[in-house]
Amino acid sequence: MPSTTLDPLLQPFQLKHLTLRNRVVSTSHEPAFGEEGMPKDRYRAYHLEKARGGVGLTMIGGSAVVSPDSPPAFGNLLLYRDEIVPWLRRLADDVHEAGAAVMCQVTHLGRRTSNFTGDWLPVVSASPLREPAHRSFPKAAEAWDLDRIVADYAAAALRCQEGGLDGIELMAYGHFLDSFLSPATNHRDDEWGGSLANRMAFPRRVIRAVREAVGPDFVVGIRMSLDEAHPGGLPGLTFDETLTAAEQYAADGIDFISAIHGSIESDASLAKAIPSIGTPLGPFLDFTGEIKRRLSIPVMHSARIADVATARHALREGLLDLVGMTRAQIADPHLVAKVKAGQEDRIRPCVGASYCLDAIYDSGDTKCIHNPAAGRELHVPHIISPTIGRRRKAVVVGGGPGGLEAARVLGERGHDVVLFEASDQPGGQIRLAASNPRRGDLIQIVDWRLAECKHLGVDLRLGTYAEADDVLAEHPDLVIVATGGTPNRSFLTKGEGLVFDTWDVMTGSLRRPRGEILVYDDHGGYPAMDAVEVLTTSGAWIEYVTPERTLAPDVGSMNSPAYLRAFTAHDVITTLAQRLRSVRRTGDGRLAATLYSEYTEAETERIVDHVIVEHGTLPMDELYFELLPESTNLGEVDQRALLAHEEQSVVRNEAGRYQLFRIGDAVAARNIHAAIYDALRLCLPV
């Protein structure tokens, strides 16, 4: 471990008049934790945790909007309202007291929002070109639109300054400002279009107005794409053009650049610009290094800099001045503090799952796939304190994500914990998902918990199939059943024994199948998509069938592009709105799959060589029900206490010997985050 005096991550940095205590930044992003467009208590607690965790600069308000005709698309803060100022002030005061600086990203979303939300005002952009991702058809901004939007930017910047923030960052990356700069979105033939000088004239006007409003000392940066990298030779910003613009912006009053590579108008382009699991770490660092060599102002960058080693490399090689570790600090907001304390091995890793982004659209706000305390700081601690009560004997059965989390939390609390896992390798369904080579980093969710359990002295009994007598022999006070589930084929009216499931694919039980394969997905999440991606390497003909009206609706925009790439590259046939009813063996030994359409109310048949199904799991709950009669609570969960993070105290059987609970898929088929959150909030008060 390097000395803190030599570690480049921990070196202070001078940004204009502002001294940052280190080089690590949580860059601007919108977790959608605001209330009525204001950064209230939940929002403040989320950023305060990062400040307490040692970050040098935390940036709030990803895409905080300056005008009513820029309605929130993903929980954005409303900088055009005066009532935001005291909320900003309270957040800034708390973050400053914890030793970090704080800035806000400021923007007009332009076309990157919806016509059908907020005040239902027309969406505006440089030209009337639709953004595929948010599907709005904008009008071309008129002169009066430009006048008021310039004034709105200046007023919003002033509110940030009055709110005690250390600076702001203008957003010119898929939003209104760069809709003028980029030839891909600026088709105007007036003084705001055509030449580069004309295209950058409006962003420059905004920059000068903001600088005049806040004065010379307030920090003003800009986040912008330095190469839009449009595919297929489509027109877009080139590196030389954007460098010219960046140099001019600096002359107009910009103090730093947050450098972006790529564009965000579609799912495919967004997934490239914000790389997810299965992509290289720090893919744009050399690109950023060239920007730093060419510009005279500080350069910040954040794109899959997920680990400390990559961040150190970027700083030591002079590829940037400030390193954005945003998703990494959603996974572990105490990342910097752990580096400083020499505990890098205990940093909860960002696995690149991008659940943090996809969850905003899926369930309304940011969630880390394996840190359920992120965004719940008002109620759930990131650092678990030891119990001040009686040390208890706890038995956890099952070493999937829920079971490992339960053992970890109980170990942190200081209890005597035994974990039984039937397999020699813990991980449960995460291990299945990670067997897709592209998603192998998911196994870090398991590895981190396994290492933490060992650090905490949990008695890990791997390769041990626990029966009731094994559990009772430990004389437990508390038993948590986290045995997961098994694939559900029971939905078929006939032929359940003729089909494979996605587990067979991911475990290799179905080895390199040939011929024609029908994959039926009545889950809508990752399992069937992983199975198809793995099967494409077999060379078989594949048809993906789902009763949904769209492909895998529970796989978000950050993760779907990689699957769609595999589907397209291997000519996978996609069939929507068809439900698999039954499977039978044909006379020649093949399989006949009967599909039913609810829309035509008719059946059709597919003759294939293999049928693979995904319909979630059914709980493996035999042990739970075997242990139930001798439990004090008879398995009951006091949901009021659970939601209040209070200890469970239900007694329904006075003669009972232990409390008994089940979590994760041992209850019902859900996802990784749900299993881990089940374990955390159940065990935290124990």
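Trainee: Which hand does the crossing of H19 and H20 have, left or right?

Mentor: A crossing is left-handed if the near helix is turned anticlockwise from the far one by less than a right angle, and right-handed if clockwise. In this predicted model, H19 passes H20 in a left-handed crossing. Helices here are DSSP runs of H or I, at least four residues, numbered from the N terminus. Residues are numbered from 1 along each chain, local features need pLDDT of at least 70 and side-chain atom pairs 80 or more, while totals for chains, interfaces and linings use all residues, and side-chain values use heavy atoms, without hydrogens and water.

Trainee: At what angle do H19 and H20 cross?

Mentor: Axes are lines fitted to C-alpha atoms over the stretch in contact, with angles from 0 to 180 degrees between N-to-C directions. H19 (residues 526-535) and H20 (residues 560-569) cross at roughly 40°, their axes coming within 10 Å. Under 35 degrees counts as roughly parallel, over 145 as roughly antiparallel, 65 to 115 as roughly perpendicular, and the rest as oblique, so H19 and H20 are oblique to each other.

Trainee: Which residues make the contact?

Mentor: Contact means heavy atoms within 4.5 Å. H19 brings Tyr526, Met529, Asp530, Val532 and Glu533, and H20 brings Tyr563, Ala566 and Phe567.

Trainee: And how do H6 and H7 pack?

Mentor: H6 (residues 201-214) and H7 (residues 239-252) pack at about 25°, axes 9 Å apart, so they're roughly parallel. Their crossing is right-handed.

How values were computed: Helix = DSSP H or I, 4+ residues; strand = E, 2+ residues; numbered from the N terminus.
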